[in-house]
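Have a look at the picture first, then read on.

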Amino acid sequence: MKKGCILLLLMSVISLPLIAQNIIYSNLKELLAQDGDTVAVLRVERRSKNQIVLTGGADYRITAGNDESMCRRLKKRCFAVRDEKGDLYLNCRKLRYKKLRFGAWYAPAVQLGKKIYFCAMPLGSVVGGNFVEEDDVKLGGNIGDALAASSLVTKRVCYELDGETGKIEFLDKNKMVELLKKSPELKKAYLKDDSQEAKHTFKYLLKLKEQQKP
């Protein structure tokens, strides 16, 4: 009995460093497989409103301290990162919808199964056409068209990235209600908020993630 307890304690001690690690993912496939590279230092800095207004881009700047090579990788080639607290961030550099782009830097994200949800704000149709590349992930379909034509294009809202198809769509009210159908209390609170802006939607995604933990 004592040997069994000691073994369990040793296993828990050994597993702790594996959980509390900074992990970077080069692409969507690695993220879904949870097969990334670990880094010793990952600095997550929330950008100020002035920085976002002046230069555009997503909400977070992520660096690797004094490691310049890793900083360049994080800025230009990394798809996503997960910090030692377990928080996920997507690099918006390659995320596109036609002529709309989200700019550089990282957006907070939540992974639910094979779907990734993140909140960001497009920079605008004119500016966005300047940096479109062949391998960019693009928003598509009627939902994307409706978003581009609506006032929501100037607001920070949430998006759904399908891990199987690579397609990104606007996370509208109907999609969110469907996600929350197994959580009546969360669904009721979400409908009471009655807003599709990220500051409302994202908090329910986080709560849903907490409920789905084993």
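Which residues are linked in a network of salt bridges? They are Lys115, Glu160, Lys167, Glu169 and Lys175. Keep in mind that this is a predicted model, where local features need pLDDT of at least 70 and side-chain atom pairs count only at pLDDT 80 or more, while totals for chains, interfaces and linings use all residues. Residues are numbered from 1 along each chain as its sequence is written, and side-chain values use heavy atoms, with hydrogens and water left out.

**Salt bridges**

- The structure holds 11 salt bridges (a side-chain nitrogen of Lys or Arg within 4 Å of a carboxyl oxygen of Asp or Glu).
- One of them joins Glu160 and Lys115, at 3.9 Å from N to O.
- That pair links distant parts of the chain, 45 residues apart: Glu160 is in strand E12 (residues 157-162) and Lys115 is in strand E10 (residues 115-120). (Strands are DSSP runs of E with at least two residues, helices are runs of H or I with at least four, and both are numbered from the N terminus.)
- Glu160 is buried at 9% relative accessible area, while Lys115 is partly exposed at 26%. (Buried means under 20%, exposed over 50%, and partly exposed in between, using a 1.4 Å probe and protein chains only.)
- Lys167 and Glu169 also meet in a salt bridge, at 3.2 Å from N to O; Lys167 is partly exposed at 37%, and Glu169 is buried at 16%.
- Asp194 pairs up with Lys173, and their closest N and O atoms are 2.7 Å apart.
- Asp194 is exposed at 52%, and Lys173 is partly exposed at 31%.

**A buried charge**

- Arg82, in strand E5 (residues 80-82), is buried but has no salt bridge.
- The nearest side chain of opposite charge is Asp87, 7.6 Å away (Lys and Arg count as positive, Asp and Glu as negative; His and the chain ends are not counted).
- The side chain of Arg82 does have a polar contact of 3.2 Å with that of Gln111 (a pair of N or O atoms within 3.5 Å; within protein, one must be able to donate a hydrogen and the other to accept it, and residues adjacent in sequence count only if both atoms are side-chain atoms).
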